[in-house]
Amino acid sequence: MSQNNIHKSVTIEDGAKIAPSVIIGPFCHIGKDVELKDGVILQSNIILKGKMQIDEDVKIFSFSTIGCESSDIKIGEKTHIREFTQIGAQESEDGSNNKIIIGANNFLMGYVQIFSGVELGDFCIVTNAVRLYENVKCQERVIIGGLSVVEANNTIGTGVMIGGASVVNSDIPPFMLVEGNKATIKGLNAIGLRRRLENRGDIEDIKAVFKKILGTGADKILAQEIADTNPNEFIKRLASFVASSNLK
């Protein structure tokens with residue numbers, strides 16, 4: 001730990017592990033069970049509490065609060081967390097405080113709130129004032145529009161895009177475009193699929209399966225059959241998700 005990179009107003013509790021290249025701005029508080037790896041940058045007025053591992057090259061902006069006394073949080077490399085974000089800052093009502101996992105290369109914008117047990121995959125974008133309640137699971141490459149809420153115990157599949165000011169109260173299968181209060185599926189996230197898939201024929205195949213298993217409600221029996229027999233990895237992932245989801 002280099003004192004040259006740490007402002008004199010910072011409070012660091014005994015036991016904290018801070019790599020030599022970490023930069024910590026003024027008026028931050030680092031708890032005793034926090035580990036900051038190389039390249040981490042904390043701007044100012046940041047509170048880090050509880051058991052926590054922040055991986056390489058994470059940048060946390062001013063006035064963010066991460067963790068509480070009983071929390072367990074891991075934040076993956078190269079994630080950026082913007083101002084006034086709260087991650088695991090509240091004690092759970094039942095005192096359980098399940099582990100929070102934020103993957104790598106994510107971008108969390110200002111005023112985001114993330115509660116106990118949330119898992120966020122890699123390359124996700126969570127825009128301003130989004131709230132993810134207890135035990136929400138987001139797979140990789142999810143985009144959530146501003147002021148949206150994902151209610152507790154729901155899973156958001158890979159490649160989903162959620163429109164702004166939406167309220168999500170169910171699982172959302174991979175590659176979907178959803179919006180509304182309550183949020184409903186509007187179709188496939190076609191732009192996201194075009195960016196992700198090299199074979200354009202895969203997109204047409206996904207569209208066809210989407211219409212079969214989600215056209216008039218979730219056909220979980222057919223979805224499971226497709227998951228068991230279709231060799232396409234993206235179709236298999238979509239179908240298996242639907243088969244085991246809480247969709248009706």
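Tutor: Let us begin with contacts along the chain, keeping in mind that this is a predicted model. Among contacts between residues at least 6 apart in sequence, 20% join residues at least 24 apart.

Student: OK, and what is its secondary structure made of?

Tutor: The protein has four helices and 27 strands. Its radius of gyration is 20 Å, close to the 18 Å that the globule rule gives for 248 residues, so the protein is as compact as a globular protein of that length. The C-alpha trace spans about 60 × 40 × 30 Å along its principal axes, and buried residues make up 46% of the 248 residues.

Student: Which residues have the most contacts inside the largest nonpolar core?

Tutor: That core has 68 residues, and those with the most contacts inside it are Ile24, Leu36, Leu42 and Leu48.

Student: Let's take Ile24, then. Where is it, and what does it touch?

Tutor: Isoleucine 24 is in strand S3, which covers residues 23–24, and it counts as buried because its relative accessibility is 2%, where the cut-off is under 20%. Not counting residues up to four places away in sequence, isoleucine 24 touches Asn5, Ile6, His7, Val10, Ile18, Ile30, Leu36 and Leu42. Histidine 7 is 17 residues from isoleucine 24 along the chain, and their C-alpha atoms are separated by 6.3 Å.

Student: Switching to helices, how does the span of H2 work out?

Tutor: Helix H2 has 15 residues, 200–214, and at 1.5 Å a residue they should span 21 Å, which agrees with the 21 Å between its end C-alpha atoms. The buried residues of H2 are Asp202, Ile203, Ile206, Val209, Phe210, Ile213 and Leu214. They cover an arc of only 130° around the axis, which puts them on the same side of H2.

Student: And what is on the other side of H2?

Tutor: On that other side, Lys211 and Lys212 are exposed. As for the buried residues of H2, what covers them includes strands S26 (176–180) and S27 (183–188), together with helices H1 (190–196), H3 (220–229) and H4 (233–244).

Student: Which residue caps the N-terminal end of H2?

Tutor: Asparagine 199 does, with a side-chain oxygen that lies 2.9 Å from the backbone nitrogen of glycine 201.

Student: What about H3, which residues are buried there?

Tutor: In H3 the buried residues are Ala223, Ile226 and Ala227. Seen down the axis of H3, they fall within an arc of 100°, so they line one face of the helix. The face of H3 turned away from that buried side carries the exposed residues Ile221, Asp228 and Thr229, while what covers the buried residues includes H2 and H4.

Student: Now the loops. Is asparagine 189 buried or exposed?

Tutor: Asparagine 189, which is in the loop between S27 and H1, counts as buried at 12% relative accessibility. Leaving aside neighbours within four places in sequence, asparagine 189 is in contact with Gly159, Val160, Met161, Phe175, Met176 and Leu177.

Student: And asparagine 154, what is it in contact with?

Tutor: Asparagine 154 is found in the loop between strand S22 (149–150) and strand S23 (155–156), and it is buried, with a relative accessible area of 4%. Beyond its neighbours within four places in sequence, the contacts of asparagine 154 include Asn135, Val136, Lys137, Val168 and Asn246.

Student: Where is phenylalanine 115?

Tutor: Phenylalanine 115 is in the loop between strand S16 (113–114) and strand S17 (119–120), and it is buried, with a relative accessible area of 12%. Setting aside neighbours within four places in sequence, phenylalanine 115 is in contact with Gln90, Ile100, Arg131, Leu132, Tyr133 and Glu134.

Student: Let's finish with the backbone. Which peptide bond is cis, and which residues have a positive phi?

Tutor: The peptide bond from asparagine 181 to lysine 182 is cis, with omega near 5°, and lysine 182 lies in the loop between S26 and S27. Leucine 147 is not a glycine, yet it has a positive phi of about 65°; leucine 147 is exposed, with a relative accessible area of 59%. Alanine 165, also not a glycine, has a positive phi of about 60° and is partly exposed, with a relative accessible area of 45%.

How values were computed: Residues numbered from 1 in each chain as written. Predicted model: local features only at pLDDT ≥ 70, side-chain atom pairs only at ≥ 80, totals over all residues. Heavy atoms only, no water. Helix = DSSP H or I, 4+ residues; strand = E, 2+ residues; numbered from the N terminus. Expected span 1.5 Å × (residues − 1). Buried < 20%, exposed > 50% of the residue type's maximum accessible area, 1.4 Å probe, protein only. Arc of directions from axis to C-beta. Contact = heavy atoms within 4.5 Å. Polar contact = N/O pair within 3.5 Å; in protein donor to acceptor, adjacent residues only side chain to side chain. Core = buried A, V, L, I, M, F, W, Y, C linked by side-chain atoms within 4.5 Å. Rg over C-alpha atoms; globule rule 2.2 N^0.38 Å.
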